[in-house]
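Trainee: Could you show me how to read strand pairing, helix packing and single-residue values in a model of this kind?

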Amino acid sequence: MQEILDFLRRLHDNNDREWFDAHRAEWTRVKARFADFTAELIEGIAAFDPSVRGLRPQECTYRIARDTRFSADKRPYKNWISAFVAPHGKQSGYAGYYFHLESSGDGLLGNHLLAAGAVCIEPALLRSIREEVLDHGGEMMREIDRARGFRLDTTNRLKRLPTGFPADSPYGELLRQKDFCLEKAISEREVLAGGLVERLVEEFRRTQPFVARLNRAIRYAREEMC
């Protein structure tokens, strides 16, 4: 991981196409190292969540180039690298397990992070998840509690309950969520310590019941849409 972080930091300080082109061979090595790491992570997660078995690293990782078309920030490259291990890959819309490495505090998230769940959820799928909360909110709350060390990200939620859901529900706080994601910041010391894949797998294992419940609701919604 040290080689990956060192490259990301230098990219942060030299975020232009000329520098990147001059260091493209180094990026190719870094990308290959992260792909190997992601392959190990997929295999480890598949041991407790078979729904991700058989995924390839390229189905779970992202381009380093930024989409600057609609952004005031015109820096061409990300100063982070990440993997999202979810059924059918990163663009499937299913909940999964996310690992994020970032070179500095002014990137996408501001730190190294683990996350489990789903964000930017399509409206029909979000409604199905909220109906799952309505029917099984107590179980979902227990699953969140069992994911020791993780917390529910509440930064993206409605100010009031969504239309069509009862105002007296004991799970109103969950119903207001627009993202259903558990997160845990990790330190650089933890990232650089030995056995990272094994430690991440054990962290993510605690979130599996929560992820499985989200994916049950997502699958149900998709079946209804067919």
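**Reading the sheet, the helices and single residues**

Mentor: Leu113 stands opposite Ala185 in β5, where strands and helices are DSSP runs numbered from the N terminus (E of at least two residues for strands, H or I of at least four for helices). This is a predicted model, in which local features need pLDDT of at least 70 and side-chain atom pairs count only at pLDDT 80 or more, while totals for chains, interfaces and linings use all residues. Residues are numbered from 1 along each chain as its sequence is written, and side-chain values use heavy atoms, with hydrogens and water left out.

Trainee: How many bridges join β3 to β5, and what is the order of the strands in the open sheet?

Mentor: Strands pair if DSSP finds at least two bridges between them; here β3 (residues 113-118) and β5 (residues 180-185) run antiparallel and are joined by 6 bridges. The open sheet has 5 strands in the order β1-β2-β3-β5-β4, with antiparallel pairing. Its edge strands, each pairing on one side only, are β1 (80-85) and β4 (151-152).

Trainee: Which helices lie across β2, β3 and β5?

Mentor: Helix α7 (residues 196-205) does, running at about 135° to β2 (96-102), and α8 does as well, running at about 30° to β3. Such angles run from 0 to 180 degrees between N-to-C directions, with axes fitted to C-alpha atoms, for helices over the stretch in contact.

Trainee: What describes two packed helices?

Mentor: The description consists of the angle between the two axes and the distance between them. For α4 (residues 123-146) and α8 (residues 208-225) the angle is about 155° and the axes are 9 Å apart. The pair is therefore roughly antiparallel, given that angles over 145 degrees count as roughly antiparallel, under 35 as roughly parallel, 65 to 115 as roughly perpendicular and the rest as oblique. α4 passes α8 in a right-handed crossing, a term for a near helix turned clockwise from the far one by less than a right angle, with anticlockwise being left-handed.

Trainee: Which residues of α4 and α8 meet?

Mentor: Contact means heavy atoms within 4.5 Å, and on the α4 side the residues include Leu125, Ile129, His136 and Met140, whereas those of α8 include Phe210, Leu214, Ala217 and Tyr220. By class, this contact of α4 with α8 has 13 nonpolar, 2 polar and 6 charged residues.

Trainee: At what angle do α1 and α3 pack?

Mentor: Helix α1 (residues 2-13) and helix α3 (residues 24-46) pack at about 135°, with their axes 10 Å apart, which means that α1 is oblique to α3. Their crossing is left-handed. Glu3, Ile4, Phe7 and Arg10 of α1 make the contact with Glu26, Trp27, Arg29, Val30, Arg33 and Phe34 of α3.

Trainee: Is Leu196 buried or exposed?

Mentor: Leu196, which has its place in helix α7, is buried because its relative accessible area is 9%, and buried means under 20%, exposed over 50% and partly exposed in between, with a 1.4 Å probe and protein chains only. Not counting residues up to four places away in sequence, Leu196 touches Met1, Phe37, Phe99, Glu190 and Val191.

Trainee: What is the phi of His88, and what is that of Cys120?

Mentor: Most residues other than glycine have a negative phi. His88, in the loop between β1 and β2, has a positive phi of about 70° and counts as exposed at 65% relative accessibility. Cys120, in the loop between β3 and α4, has a positive phi near 50° and counts as exposed at 72%.

Note on methods:
Ala, Val, Leu, Ile, Met, Phe, Trp, Tyr, Cys and Pro count as nonpolar, Asp, Glu, Lys and Arg as charged, and the others, Gly among them, as polar.
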